[in-house]
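Load the model in your viewer and keep the selection panel open. The stops below tell you what to pick next and what is there.

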Amino acid sequence: QLQASGGGLVQAGGSLRLSCAASGSISSIDAMAWYRQAPGKQRELVAAITSGPTTNYADSVKGRFTISRNAAANTVYLQMNSLKPEDTAVYYCNAYIDLRSFWGQGTQVTVSS
């Protein structure tokens with residue numbers, strides 16, 4: 001089970017930090033990621049982090065967002081700075097746990113201009 005939190009309403013230029021914690025019987029988490037889906041658009045990858053850890057980001061968020069992970073707590077974070085109205089979306093966390101893909105519930109991020 002994945003539990004996401006941290007969304008909200010923020011003005012352009014502001015910051016938010018999303019968290020997503022995995023719980024249950026877990027042997028290994030190979031990767032965790034954040035996706036987002038804006039109204040009328042397809043879900044897209046925002047950032048991902050592996051157990052390495054290696055990270056990758058969508059071009060649209062490079063330099064503004066940072067993904068990190070607390071392996072001991074099975075938690076992934078997304079620090080979002082310099083937010084733009086186009087970052088408005090429902091953000092979903094995803095994790096590959098024991099070779100299976102799991103999704104958390106979405107958390108709304110709204111950036112006002």
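Begin with L16: this residue stands opposite M80 in β8. Now widen the selection to strand β3 (residues 16-22) and strand β8 (residues 75-80), which pair in the antiparallel sense over six bridges. Strands here are DSSP runs of E, at least two residues long, numbered from the N terminus. Two strands count as paired if DSSP finds at least two bridges between them.

A word on the model before moving on. This is a predicted model, where local features need pLDDT of at least 70 and side-chain atom pairs count only at pLDDT 80 or more, while totals for chains, interfaces and linings use all residues. Residues are numbered from 1 along each chain as its sequence is written, and side-chain values use heavy atoms, with hydrogens and water left out.

**Stop 1: the four-stranded sheet.** You have an open sheet in the order β1-β3-β8-β7, with antiparallel pairing. β1 (2-5) and β7 (65-70) stand at the edges with a single partner strand each, so one side of each has no neighbour in the sheet. From one strand to the next, the twist averages 15° (axes are lines fitted to C-alpha atoms; angles run from 0 to 180 degrees between N-to-C directions).

**Stop 2: the disulfide.** Select C20 and C93. A disulfide joins them, S to S 2.1 Å; the cut-off is a pair of cysteine sulfur atoms within 2.5 Å. By this rule the count is one disulfide. The link of C20 and C93 is right-handed, with 50° about the S-S bond. C20 lies in β3 and C93 in strand β9 (residues 89-97), so the pair ties together parts 73 residues apart in sequence. Are C20 and C93 buried or exposed? Both are buried, meaning under 20% relative accessible area with a 1.4 Å probe, protein chains only.

**Stop 3: R36.** Go to strand β4 (residues 29-37), where R36 lies. R36 is buried, at a relative accessible area of 5%. Show its side chain: polar contacts join R36 to D87 at 3.0 Å and to Y91 at 2.9 Å. A polar contact is a pair of N or O atoms within 3.5 Å; within protein, one must be able to donate a hydrogen and the other to accept it, and residues adjacent in sequence count only if both atoms are side-chain atoms.

**Stop 4: two hairpins.** Select β4 with strand β5 (residues 44-50): they pair in the antiparallel sense over six bridges. A31 stands opposite T50 in β5. Their hairpin has six residues between the strands, and G40 takes a positive phi near 75°. Finish on strand β6 (residues 55-57), joined to β5 by three bridges and running antiparallel. A47 has Y57 in β6 as its bridge partner. The hairpin of β5 and β6 has four residues between them.

Notes. Buried means under 20% relative accessible area, exposed over 50%, partly exposed in between (1.4 Å probe, protein chains only).
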